[in-house]
Amino acid sequence: MSKLRDRLAGLSAERLRGIGRGIEKESLRAQPDGTLALTPHPAALGAPLTHPHITTDYSESLIELVTGVHPDVPACLRELTQIHQVVHHEMAAIGDEMLWDYSMPCSLPTDENIPLGVYGTSNVGRAKSVYRMGLGHRYGRRMQTIAGIHYNWSLPGLGNADYFGLIRNFRRQAFLLMVLFGASPVVGASFVAGRDHGLQPLGEGSMHLPHATSLRMGRLGYQSDAQASLAVSYNCLDSYANSLEGALTQPYPPYEAIGIRNLGGEYNQLATTLLQIENEFYGTIRPKRVIRSGERPLHALRERGVEYVEVRLMDLDPFETIGINADTARFIDLFLLHCLLSDSPPDTPQEIAALKRNQHLTAARGREPGLELERDGRAVLLTDWAQELLAQLAPIAQAMDGVDGATRYADALARAQGAFKTFDDLPSARVLRHVREQHQGSVIDFVRACSQRSRGELLALPYPAALKQRFDALAAESWAEQKRIEAADHVDFETFRQAYISPDRLAPGAQANMDSEAAI
């Protein structure tokens, strides 16, 4: 604790004020009856390939809202709210669809009828769709309809070693965020139909685990048996990059069997390697760097280092209109600072395996009394470990409030500590209670009610003409930019594909640019 305080004292108020945070928030578009919206991405929202704030993730039905980088939490959430307003108003103008306020999906059609994202006729646009086709072949399309919140975070003056030390500690202690903010303990039956899931029935059409925190982060969520063979080390940039390069360049027999194209000549996937591209690697946190035109993310990291981290384990909070509140964002700030300032020994293959076991235990049983996790090769009560971490956040909250001139960080910490004492007020417990007591065990009915409430609240907010005009202009610019990218292509798609996945483009010093100026 004394080391942490000393290191905290070394962070100037100016650097703490320089913390940057941004949010990427995914949501399915759903019909009022709780079924997946199969309509195209609304054209009025702009081109998903090029719009800076409104795009799609895996599916045409899975919208993604992206804020800019902000020096404080209120500004970040204010922009996220405004983007939500724009989306809801444009959707309301053409129908009665809503954003699904839950990480696990609404009622789904058969796998093949879940629509892939469409990004136009350019090589990069086609590559994005082919990549998604590959994900469907590899993991099934249902898994790709899961939604979450990504919290992007940076602190001025950090180097690669600092960020990787933070990442190692984050992975060790991520269970705390899953317990405090996990909000997906129950799923609709359509999501697990035909799968060996181990869940228990909860009313008609719902399956759950009684002490689960985040099924999204467990064995039924973004998990891959193939990727389980990857023991990616976060000890330094080189070890991380080399681990990923192997997965991006070495053929994987089951994916070779799928093939690049089917018998009709249509593309099945971008590559037959364990990972088609870097973003296919699932993790609770990623080192990131803004990429240049046509650049591979791994090349960008090797060339210019880590710019920020992307926290990827946050569920949508169905009780919040935009899926996250200020207390949660501030707690993540505190948690990341703690991960940065604490000793961070190198990871080992044994620890990496133990952390995966901890993640699965916390996802499925995180509120179970007496649950033990693995720590330094020994069993420890989850509650004891969590209380220790929460206590260590107090001086960090005090430092952040000293910069902020308020008590908002201390208040956020106090609320988290209070929720942790009984578990009854944790989002996962509240979800189960509402589903069971107010919606006769139907998670679909529960989320429908939450989603309709959020839709009404956002449509009722003042909607300045200037906000609509700005996003109308962004939408028009994005369509024009997509057309420009399409017109600029001068090689066929297969030539583009082979060049993009070439191992040569991952190496430091490699040529970064390609024809297209959008990212896959």
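## Two loop residues with positive phi

F423 lies in the loop that joins α15 (408–422) to α16 (427–438). In this predicted model, the phi of F423 is near 75 degrees, a positive value in a residue other than glycine. Most residues other than glycine have a negative phi. F423 is buried, and its relative accessible area is 11%.

D376 also has a positive phi, near 55 degrees, and is likewise a residue other than glycine. The loop that holds D376 runs between β11 (372–375) and β12 (378–381). With a relative accessible area of 64%, D376 is exposed, whereas F423 is buried.

Two packed helices are described by the angle between their axes and the distance between the axes.

## Residues at the helix contact

On the α14 side, the contact is made by A394, A397, M400, D401 and D404. They meet R408, Y409, A410 and L413 of α15. The residues of this contact divide into 6 nonpolar and 3 charged, with no polar ones. Tyr counts as nonpolar in this division, and Y409 is one of the α15 residues in the contact. Asp and Arg count as charged; D401 and D404 in α14 and R408 in α15 are among the contact residues.

Methods:
Residues numbered from 1 in each chain as written. Predicted model: local features only at pLDDT ≥ 70, side-chain atom pairs only at ≥ 80, totals over all residues. Heavy atoms only, no water. Helix = DSSP H or I, 4+ residues; strand = E, 2+ residues; numbered from the N terminus. Buried < 20%, exposed > 50% of the residue type's maximum accessible area, 1.4 Å probe, protein only. Contact = heavy atoms within 4.5 Å.
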